[in-house]
Amino acid sequence: MPAITPMCFALADSMYTLGLGLLLAIAYTILRIMCRNSKLAVFVLDVAISVIGALLYMSVITQRSYSGIVRWYTICALLCGYSMWHILIMPILYALADFINRLINVPVTYAEKYIIEPILHLVHTHKEKIKAKRKSAATKSAKQLQNTAKVLYNSNHNV
């Protein structure tokens, strides 16, 4: 039968595994962002985080726990740390990222709508006017040329 762990040591072990759960959740989130949405990569990531989490947990328990036995409160602390990241912190981070995205996109959208599009419209109409002038100048110069099929007998050349 294992010895009873004093409350201060049990609390220290719980905080240690709570931090381990948070670190695992942060690592999972970062790697998940890097993997995008590939199903195979996410599956491999899930398995890898589970295995690494179990190995790290056993390592922490053998280092921190004085009897080297897995305790229920350390498992609960690990799961609480992992869940705390996904339930409490991630929604706040997503809301903050959405707010920053809106702060960046609103001025860009207005600049595109009220500055860039009118400038592009002016450039396009200017190009169309230049193209129309060139076309009319080309047809005008083509009309001014004499027909080569006609031979003029009344010329000023002395042959």
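**Exercises: a helix pair and a buried isoleucine**

Ile61 lies in helix α2; helices here are DSSP runs of H or I with at least four residues, strands are E runs of at least two, and both are numbered from the N terminus. The model is predicted, with local features needing pLDDT of at least 70 and side-chain atom pairs 80 or more, while totals for chains, interfaces and linings use all residues. Numbering starts from 1 along each chain as its sequence is written, and side-chain values use heavy atoms, leaving out hydrogens and water.

**Exercise 1.** Work out whether Ile61 is buried or exposed.

*Solution.* Start with the cut-offs: buried is under 20% relative accessible area, exposed is over 50%, and partly exposed sits in between, using a 1.4 Å probe and protein chains only. Ile61 has 1% relative accessibility, so it counts as buried. Now zoom out: of the chain's 159 residues, 18% count as buried.

**Exercise 2.** Find how α1 and α2 are oriented to each other.

*Solution.* First, get the ranges: α1 covers residues 7-35 and α2 residues 39-64. Next, take the axes, which are lines fitted to C-alpha atoms over the stretch in contact, with angles from 0 to 180 degrees between N-to-C directions. These axes come within 10 Å and cross at roughly 160°.

Who makes the contact (heavy atoms within 4.5 Å)? On α1, the residues include Tyr16, Leu20 and Tyr28, and on α2 they include Ile49, Leu56 and Ile61. By class, this contact has 16 nonpolar, two polar and four charged residues. Here Ala, Val, Leu, Ile, Met, Phe, Trp, Tyr, Cys and Pro count as nonpolar, Asp, Glu, Lys and Arg as charged, and the others, Gly among them, as polar.

Terms used
Angles under 35 degrees count as roughly parallel, over 145 as roughly antiparallel, 65 to 115 as roughly perpendicular and the rest as oblique. Contact means heavy atoms within 4.5 Å.
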